[in-house]
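Subject: Structure handover

Hello,

Here is the structure you were waiting for. Please open it alongside this email, as the notes below go through it piece by piece.

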Amino acid sequence: MSETITVDARGLSCPQPVMAAKKALSGLMSGRVEVLVDTGTSRDNVARFGENKGWRAAKEEREGGWKVVLEK
């Protein structure tokens, strides 16, 4: 199993969290990327971006924000 990549995009305004997720996913054919965000808009945009690129997206509420888990 491949390692998990964690991207801390808390405190960043859109579209920066999506750009950070895009950078983490670039070159990956499969794996798990967790993106930490602190706004609902960022959560939804990162999840939508991942799904549009063919990744499964799960949103988990965490203290102070959310974790969007992208897996393929």
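Predicted model: local features only at pLDDT ≥ 70, side-chain atom pairs only at ≥ 80, totals over all residues.

Lys67 lies in strand E4. Is Lys67 buried or exposed? At 10% relative accessibility, under the 20% cut-off, Lys67 counts as buried. Which residues does Lys67 touch, leaving aside neighbours within four places in sequence? The contacts are Arg32, Glu34, Val35, Leu36, Ala58, Lys59, Glu60 and Arg62.

Glu60 is one of those contacts. Glu60 has its place in strand E3. Its relative accessibility is 32%, so Glu60 counts as partly exposed. Not counting residues up to four places away in sequence, Glu60 touches Gly65, Trp66, Lys67 and Val69.

Next, Arg43. This residue is found in helix H2. Arg43 has 19% relative accessibility and therefore counts as buried. Beyond its neighbours within four places in sequence, Arg43 is in contact with Val37, Lys59, Trp66 and Val68. Arg43 and Glu60 are 17 residues apart along the chain. Their C-alpha atoms are separated by 9.5 Å.

Now the sheet. It is open and has four strands, in the order E1-E2-E4-E3. The pairing is mixed. Which strands stand at the edges? They are E1 and E3 (56-62). Each has a single partner strand, so one side of each is left without a neighbour in the sheet. On average, neighbouring strands of this sheet are turned by 20° against each other, direction ignored.

Here is how the strands of the sheet are joined:

- E1 (residues 4-8) and E2 run parallel, joined by five bridges. Within E2, Leu36 is the bridge partner of Asp8.
- E2 and E4 (residues 65-71) run antiparallel, joined by six bridges. Within E4, Glu71 is the bridge partner of Arg32.

Why is E2 described as largely enclosed by the rest of the structure? Strand E2 covers residues 32-37, and five of its six residues are buried, so the rest of the structure largely encloses it.

On to the helices. H2 lies across E2, E3 and E4. It runs at about 5° to E4.

The two helices also pack on each other. Two packed helices are described by the angle between their axes and the distance between the axes. For H1 (residues 16-25) and H2 (residues 40-52), the angle is about 30° and the axes are 9 Å apart. The crossing of H1 and H2 is right-handed. Which residues make the contact? From H1 they are Pro17, Val18, Ala21, Lys22 and Leu25. From H2 they are Ser42, Asn45, Val46 and Phe49. By class, this contact has six nonpolar, two polar and one charged residues.

Last, the record. An unreviewed UniProt entry carries the annotation "domain: UPF0033", which covers residues 7-31. Over residues 7-31 the chain is 40% helix and 8% strand. The end C-alpha atoms of that stretch are 14 Å apart.

Best wishes

Definitions and conventions. Residues numbered from 1 in each chain as written. Heavy atoms only, no water. UniProt positions renumbered as here; feature names shortened; annotations may be inferred. Helix = DSSP H or I, 4+ residues; strand = E, 2+ residues; numbered from the N terminus. Axes fitted to C-alpha atoms, helices over the stretch in contact; angles between N-to-C directions. Left-handed = near helix turned anticlockwise from the far one by under 90°. Contact = heavy atoms within 4.5 Å. Nonpolar A, V, L, I, M, F, W, Y, C, P; charged D, E, K, R; others polar. Buried < 20%, exposed > 50% of the residue type's maximum accessible area, 1.4 Å probe, protein only. Pairing = 2+ DSSP bridges.
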